[in-house]
Amino acid sequence: MKILIMGTGAIGGCYGGLLARSGEDVVFAARSDNLRTIRERGLRVESATFGEFTVHPEVVAALDGTWKADLIILCVKGYHNEQAMSDLAPAVGDGTTILTLQNGIGSGEQIVQRFGSKKELLGAAYIDAERTEPGVFAQRGSPPRIVLGEEDGDISERAQAIAEVLRGAGIETEVSPNVLTALWSKLIYICALSGMSCITRASFTEVLDTPETRAMTMQVMSEALKVGQASGVPLDDGLPDSVMAGFLEEKDGLISSMHTDLIAGNPLEVSLINGAVARIGKEVGVETPANSFITACLSIADNKARGNSAP
C-alpha cells in the first residue's frame, strides 16, 4: 500500500516507522532538521514494544503530484490542518483515504469540507511517544494501538483493508462501528489533562493534588460527557469517574503535549479539544462553563503564538 505520513512528529514517526519496517511503500512529509536527518541517517525508532530499528524511507519537503497515495495518515497538530491539507492535496487521488489520528474533534469535518466524505476515515491513536531528536522517535509504555472506523458506523472494506496493513506492521488495530465513542472517550481524557494543566500552568500531579482544581477537572469531563451524549454518541455515565481513577494511578507520569506547546510558546490545539466541547455544546444546548473558560483564557496564548493580536 502507498502510504503518506503527513506530520513526522511523535505519532507519525513511530507509526510510520513501523509501517516502513513492515515493507509498505511509505513516504514521509517532513521539514528542517527532521527532513535532513532522515535523508542522511534514516528514521530511527526506539520502542519499548518492538526494540530499536532504523528504516530508510523516502522523505520529501513537498509533494509534486506525480505520486498518489492509497492512504494518507494525518498526524500534524490540529492547528496546522489548513496548511497540511493544502500540502497533501497533490497526493490525493480517486482511491485515496485520509485517516486522521489527531487529538480532539473536528479534523474529520475539515477533511470532508476539503476533499469530500468519501476520503475521510476517523481514528483514535493510543501511544506514548515523543520525538527525542530530529529523525529519532521513542515509544514507551503499552503497545501502540489504533481504533478506526467510518463516521456512519459502516464496517467498510477499505477500513478493514487499512486495519490489516496496520496489523501487519505490529500495530494493534480495531475497526469499530462506534468510532465516535472512541474519539469522544479520548476527548474527555484530553480535555481534562490538557485543559487543566494548561489553564493552571502546573503539572497534572499538582492539579489533582489540589482539591479545587481536582473538582474542576471532574467538571471539565462531565461537561464533555454531556455534550457527547447530547450529540448522539453512546457514552457511559461513569466514564469521568473511571478516567479520574486512571488519572490518580498514573498522575506522576502524565504530561500533556498541549502543555508542552504552551510552555514552548507554540500554537495550541485548544480549538479541537476544550474549544470543541464548548462549540458543540452551544449547538446541542448543553452549558459548558469550565471548558468555555479554559478555551477563552488559552486563546490569548494561542493567538500570540500564531502572531495574532486578537481572538
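The model is predicted. Helix α6 (residues 179-200) takes part in a contact with α10 (residues 257-264) and in another with α11 (residues 274-284). Helix α8 (residues 211-230) meets α9 (residues 239-250).

**Helices α6 and α10**

- The axes of α6 and α10 come within 8 Å and cross at roughly 25 degrees. Angles under 35 degrees count as roughly parallel, so α6 is roughly parallel to α10.
- The crossing of α6 past α10 is right-handed.
- On the α6 side, the contact is made by Ser194, Gly195, Ser197 and Cys198. On the α10 side, Met258, His259 and Leu262 contribute.
- By class, this contact has three nonpolar and four polar residues. It has no charged residues.
- His259 is part of helix α10. Its relative accessibility is 17%. Buried means under 20%, so His259 counts as buried.
- Beyond residues up to four places away in sequence, His259 touches Ser197, Cys198, Arg201 and Ala202.

**Helices α6 and α11**

- The axes of α6 and α11 come within 9 Å. They cross at roughly 120 degrees, which makes α6 oblique to α11.
- Trp184, Leu187, Cys191 and Gly195 form the α6 side of the contact. Asn274, Val277 and Ile280 form the α11 side.
- Five nonpolar and two polar residues make up this contact by class. No charged residues take part.
- Gly195 of α6 is listed in the contact with α10 and in the contact with α11.

**Helices α8 and α9**

- The axes of α8 and α9 come within 9 Å and cross at roughly 140 degrees. Roughly antiparallel requires an angle over 145 degrees. The two helices are therefore oblique to each other.
- The crossing of α8 and α9 is right-handed.
- Helix α8 contributes Arg214, Thr217, Met218, Met221, Ser222 and Leu225 to the contact. Helix α9 contributes Leu239, Pro240, Asp241, Val243, Met244, Phe247 and Leu248.
- The class count is nine nonpolar, two polar and two charged residues.

- The side chain of Asp302 makes a polar contact with the side chain of Arg306, at 2.9 Å.
- Leaving aside neighbours within four places in sequence, Asp302 is in contact with Pro267 and Leu268.

**Val136 and Arg131**

- Val136 is buried, with a relative accessible area of 10%. Arg131 is partly exposed, with a relative accessible area of 40%.
- Not counting residues up to four places away in sequence, Val136 touches Arg44, Glu46, Glu130 and Arg131.
- The contact with Asn34 includes a polar one between the side chains of Arg131 and Asn34, at 3.4 Å.
- Val136 and Ser299 are 163 residues apart in sequence. Their C-alpha atoms are 32 Å apart in space.
- Arg131 and Asp302 are 171 residues apart along the chain. Their C-alpha atoms are separated by 22 Å.

**Positive phi values**

- Most residues other than glycine have a negative phi.
- Ser32 has a positive phi, near 55 degrees. Ser32 is found in helix α2 (residues 32-41).
- Arg201 has a positive phi, near 50 degrees. Arg201 lies in the loop between α6 and α7 (204-209).
- The relative accessible area of Arg201 is 47%, so Arg201 is partly exposed.
- Arg201 is also one of the residues that His259 touches.

Notes
Residues are numbered from 1 along each chain as its sequence is written. This is a predicted model: local features need pLDDT of at least 70, side-chain atom pairs count only at pLDDT 80 or more; totals for chains, interfaces and linings use all residues. Side-chain values use heavy atoms; hydrogens and water are left out. Axes are lines fitted to C-alpha atoms, for helices over the stretch in contact, and angles run from 0 to 180 degrees between N-to-C directions. Helices (H or I, at least four residues) and strands (E, at least two) are DSSP runs, numbered from the N terminus. Angles under 35 degrees count as roughly parallel, over 145 as roughly antiparallel, 65 to 115 as roughly perpendicular and the rest as oblique. A crossing is left-handed if the near helix is turned anticlockwise from the far one by less than a right angle, and right-handed if clockwise. Contact means heavy atoms within 4.5 Å. Ala, Val, Leu, Ile, Met, Phe, Trp, Tyr, Cys and Pro count as nonpolar, Asp, Glu, Lys and Arg as charged, and the others, Gly among them, as polar. A polar contact is a pair of N or O atoms within 3.5 Å; within protein, one must be able to donate a hydrogen and the other to accept it, and residues adjacent in sequence count only if both atoms are side-chain atoms. Buried means under 20% relative accessible area, exposed over 50%, partly exposed in between (1.4 Å probe, protein chains only).
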